[in-house]
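Here is a short report on a two-chain model. Keep the sequence and the coordinates open while reading.

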Amino acid sequence: MKLLSPLRDPRYFQVAVLTSLLAVGIGILNFGIHWQNAATIMLTAQFVQYIGTRLAGLPRFDPLSALITSLSLTLLLRTEFASLAATAAVIAIGSKFLIRFRNKHVFNPANVALVSLMLLSDRAWVSSGQWGSAAIGAFALACLGFLVLTRAKRAETTIAFVWAFGTLLVGRAVWLGDPLSIPLHQLQNGALLIFAFFMISDPKTTPDAPFGRALFGAVVAAVAFTIQFIFYQPNGPILALILCAPLVPLIDTLLHGSHYQWDKPGARPSASLKGVHS
Amino acid sequence: MRLLITLVSALVTVLVTTSAQAFCGFYVARADTSLFNRASQVVLVRDEDKTVITMANDFEGDAEDFAVVIPVPTMIEGEQINVGDRAVIEHLDAYTSPRIVEYHDGDPCVVYERLEMSSNDAAFPSASKQLKRSARSRGVTIEAQYTVGEYDILILSATQSDGLIQWLVENDYRIPSGAERVVDSYLKQDMRFFVAKVNLEEQSKLGFQYLRPLQVAYESNRFMLPIRLGTLNAKGKQELYVYALTRTGRVETTNYRTVKLPSNVTVPEFVEDEFANFYRAMFDRQTKAENERAVFLEYAWDMGWCDPCAADPLSARELRQLGVFWLGQHDVESKRAIQPRAQNVFVTRLHVRYDAEHFPEDLMFQETGDRQNYQGRYVIQHPWKGEASCDISQYKASVRDRQEREAQQLANLTGWDLGDIHKKIPFAGGAPEPEKEPWWKRLWN
């Protein structure tokens, strides 16, 4: 069987970064991730993915996307109960197969699971501030590396989100007369980076057209800013993404673009990525 | 045969007293009185958007010169302000303090029986018109003026920070430099301020020698604590203790890392006498390890009980005084001899050392679903000191190993010199061999 070139599919890189983050989170930062929850989420997600593949009659079982969803969920979701962790995995992967519009799933799997759990139970929460500044520096580098490696393909959503959110934060600081150290501090947030590079970036749940993706990223940033700095609620970006998700089919109707396939991320992938090898 | 050391426990708790206390706003003073916020104790009671904040005060100086400017996230009325009881905060401090637990080795020559004695009762150290006119001309309206307890409260609605600042200056208050910018930022965020001054007449009538804590009840979607003003008239870093009382679970900061302090560590016996020093040294070291940017969790517990108890849990009446509004009046006024334990109250004690450089932004909080208990608990295991009726060389060897481990752990936690620690430990079977210094240790110095 012919193996895919790891560099052709950006998900390999995502798995590598998220796994290292998880290792740092459990081993060094010790920020309350139970390995039992991690294992429960991974196994449940793969199981639901397998069942979904069989029931939907898909040609092959693809564990990678479910793995990325599991890693994001593990990194962001906190709960003392493995049963809630498992529920999150079922909702995440289940939503991919059940909530679809024009052959695309509507909600980002990890996102819909996080929001559902927060609404359903008061014993599950998202810890957004649990990353030290050193960890964030290293993480930010890894994220930039990701953009370079993938030649920013389909990264319009991430770029537009980070740009718009950053601009709004700096603009707020300027208006309030606050020092710039405040918006910089607000941007140095581990959960924000996971969101920007591993959640909103998902090409399967973002608009097909490049302009549509940029527009979507900016709208999510504006909604996130409103939630966090006008309504003063935590987890602005995560709530904003779920609120904006229904906009994707609308944008797709208005702006046409090509549907994304993981193993064919670009038109000329081998040419552009050869340099990385040599 | 390996000796089993059974614990005969006598739990004795030693508390770290949080000595200095102050407001989280900023002090303003007349003339040259030097005022500093050194450490603050704040109790935050929160459920949904309803919040009650209690600010303890250790102001030492001439009460005549005292005033404090306190930011609140919303407009408030006089009835929303109350003067609390300092003893309740002291009780809460004692209940949530890091503690030492002592265990005594039993006689190594006897067949052991597990004995447990807990001592809940272990002694602990208890642990006006003209004004209005001048105000209006400055863009400051004194919305209302009240006397609450020993305080005169002025509720100001300033539209501009320079109005508020100038009004304070004209009324002979000294304003820390840089306050204007921060006040302006808060005003744009729809925060409001009130000024509390001491009413000397009322104070002498009431007979209090100290200033009692101020309490404010308000409803706001902002679960936060404004700390930026506090950094202005502080010399260097400040200490802040936040006691959060919530219904569901532990509280954490969303914009700073919340870290649990190392706990359940066995430390050498002498730490009992130097507990405050030990705790300070450990806190220093942990703060530095987190690049001085972390908030530390010192206690997280269901208010209904404790184990071991540094102090009894707060009664329903005390909690109600702190503003735990969801405890029904019924519970408080119960005349039963045994007061029911408070239900549905989870306490989180956070300790933060901050300055403007490392904590540029106010503390934002969220209540999590985490109900796991956590406490700062440090264990002292006393070796058997009685007469031995058998050969206890094996026991002594094991004690010695244990003492060495404790010394190492203490050095790791506090950064104290291992040699100095060794000197203070009465090692079983005599002092240890001085550690052989590596040859390069004194090569260049």
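Which residues of α11(A) are buried? They are A:G236, A:P237, A:I238, A:L239, A:A240 and A:L241. The model is a predicted one. The cover over these buried residues includes α5, β4 (124–126), α9 (190–199) and α10 (210–229) of chain A.

## Helix packing in chain A

Two packed helices are described by the angle between their axes and the distance between the axes. Helix α5 (residues 109–120) and helix α11 (residues 236–244) of chain A pack at about 110 degrees, and their axes are 9 Å apart. An angle from 65 to 115 degrees counts as roughly perpendicular, and α5(A) and α11(A) are therefore roughly perpendicular to each other.

Which residues make the contact of α5(A) with α11(A)? From α5(A) come A:N111, A:V112, A:L114 and A:V115. From α11(A) come A:I238, A:L239, A:L241 and A:I242. By class, the contact has seven nonpolar residues, one polar and no charged. A:I238, A:L239 and A:L241 are also among the buried residues of α11(A).

A:L117 sits in helix α5 of chain A. Is A:L117 buried or exposed? A:L117 counts as buried because 24 C-beta neighbours lie inside 10 Å, and the cut-off for burial is 20 or more. Leaving out residues up to four places away in sequence, A:L117 touches A:L77, A:L84, A:T87, A:A88 and A:A124. A:L117 and A:A85 are 32 residues apart in sequence, and their C-alpha atoms are 8.9 Å apart.

Contacts across the sequence can also be counted for the whole chain. Of the contacts in chain A between residues at least 6 apart in sequence, 77% join residues at least 24 apart.

Helix α1 of chain A covers residues 10–29, which is 20 residues. From first C-alpha to last it reaches 27 Å, close to the 28 Å expected at 1.5 Å a residue. Its buried residues are A:P10, A:Q14, A:V17, A:L18, A:L21 and A:G25. The face turned away from the buried side carries the exposed residues A:T19, A:A23, A:G27 and A:I28. After α1(A) comes A:N30, with a positive phi near 50 degrees.

## Loop residues in both chains

| Residue | Loop | C-beta atoms within 10 Å |
|---|---|---|
| A:Y232 | between α10 and α11 of chain A | 17 other C-beta atoms within 10 Å |
| B:E292 | between α6 (275–289) and β18 (294–302) of chain B | 15 other C-beta atoms within 10 Å |
| B:S263 | between β16 and β17 (265–267) of chain B | 16 other C-beta atoms within 10 Å |

A:Y232 is partly exposed, as is B:E292, and B:S263 is partly exposed too. A:Y232 is not a glycine, yet its phi is positive, near 50 degrees. B:E292 is also not a glycine, and its phi is positive at about 60 degrees.

Beyond its neighbours within four places in sequence, B:S263 is in contact with B:Q375, B:G376 and B:R377. B:S263 and B:D420 are 157 residues apart in sequence and 23 Å apart in space, C-alpha to C-alpha.

## The two chains and their contact

Chain A has 13 helices and four strands. Buried residues make up 40% of its 278 residues. Chain B has ten helices and 22 strands. Of the 445 residues in chain B, 44% are buried.

Definitions and conventions: Residues numbered from 1 in each chain as written. Chains lettered and ligands numbered in written order. Predicted model: local features only at pLDDT ≥ 70, side-chain atom pairs only at ≥ 80, totals over all residues. Helix = DSSP H or I, 4+ residues; strand = E, 2+ residues; numbered from the N terminus. Buried ≥ 20, exposed ≤ 12 C-beta atoms within 10 Å, placed from the backbone. Expected span 1.5 Å × (residues − 1). Axes fitted to C-alpha atoms, helices over the stretch in contact; angles between N-to-C directions. Parallel < 35°, antiparallel > 145°, perpendicular 65-115°, else oblique. Contact = placed C-beta atoms within 7 Å. Nonpolar A, V, L, I, M, F, W, Y, C, P; charged D, E, K, R; others polar.
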